[in-house]
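Here's a quick briefing to read alongside the model. Have the fold open while you go through it.

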Amino acid sequence: RVQVAATATHGGRFESLELLPLVKAYPNLSRRYRETSCIAGLTIEDAGSSQWIRLYPVPFRQLEEERQFSKYEPITVRVQPARGDDRRPESRRADADSIEPSGRVVGTGHEWRARRLIVEPMMRESMCAIREAEKADRTSLEIFRPAEVLDLVIDEVEPDPEKGAMAADWAAQGSLLDPQDQEQQRKALEQIPYRFRYRYRCSTPGCGTHSQSIVDWELAQFYRNVSRYPDWRERLRAKWLDEMCGPEKDTAFIVGNQQAYRQGFLVLGVWWPPLQPTQPQLPFPT
């Protein structure tokens, strides 16, 4: 629920809202914001009345432990309109010190029933329809079911020396600022040397194929966990393609666009509850 607070700042009035976070993007490094994450989720409203919200920038790894939260754990947070050139209607700037996790994760029991009640009413028909909506009203966050997931593509990428230096500098500064927690602060953000993309068709008649990068923090962490094995590619594909996009799952993609490239949508996260009898079955990826 969104409630306008009395406090105003130079960036606009603060609102207090209840949010169900659905995705966390892998942290990004920049000179302006240092290390930050993008959080996307739904306001907690009556079924069908929720709104998509993007929180950025959120310095998640630097948050106090009691302010860090899990996916599907409702939080309350004070926000204000996004600043600068970000005109996406879902974007908000969060007061990180105001984040209050509820401590109660919306679980997956009864075939994700509680999560379905919140997320199902928000489903859009296709990726092509989402791009048309962006042209009409700047829609920049949505969820939809792909018609056919064709592949998970793994591309090797060159590390960015500048970002590597920023990560090291930021970690070193953190350990000096907080000597009581030096071990944690020294962990510089790891640059993942691969880009992961889903290639799929959506349900719009005549759709060709879409190829979109996946920026889900969970995928990056999964890669880090399996990268020590010689068959890490097979392990990663077995989870993120064969299982999560397999014939027994009601797979949907949560997508969001980039501020500078309005038609450049990324896969922020995957929705993959068990397939229900009333849902059409996705073709098994080959």
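Predicted model: local features only at pLDDT ≥ 70, side-chain atom pairs only at ≥ 80, totals over all residues.

Residues are numbered from 1 along each chain as its sequence is written, and side-chain values use heavy atoms, with hydrogens and water left out.

**The sheet**
- Strand 12 (residues 194–201) pairs with strand 13 in the antiparallel sense, over four bridges; strands are DSSP runs of E, at least two residues, and helices are runs of H or I, at least four, both numbered from the N terminus.
- Pairing takes at least two DSSP bridges between two strands.
- The order is 11-12-13 in an open, antiparallel sheet of three strands.
- Strand 11 (148–156) and strand 13 (210–213) each have a single partner strand, so one side of each lacks a neighbour in the sheet.
- From one strand to the next, the twist averages 25° (axes are lines fitted to C-alpha atoms, for helices over the stretch in contact; angles run from 0 to 180 degrees between N-to-C directions).
- Helix 6 (residues 232–243) lies across strand 11 and strand 12, at about 150° to strand 11.

**Around Ile-143**
- Not counting residues up to four places away in sequence, Ile-143 touches several residues, including Trp-52, Met-122, Phe-253 and Trp-271 (contact means heavy atoms within 4.5 Å).

**Confidence**
- The chain averages a pLDDT of 86, and 81% of the residues score at least 70 (pLDDT is the predictor's confidence in each residue, from 0 to 100).
- Over residues 1–10 the pLDDT is below 50.
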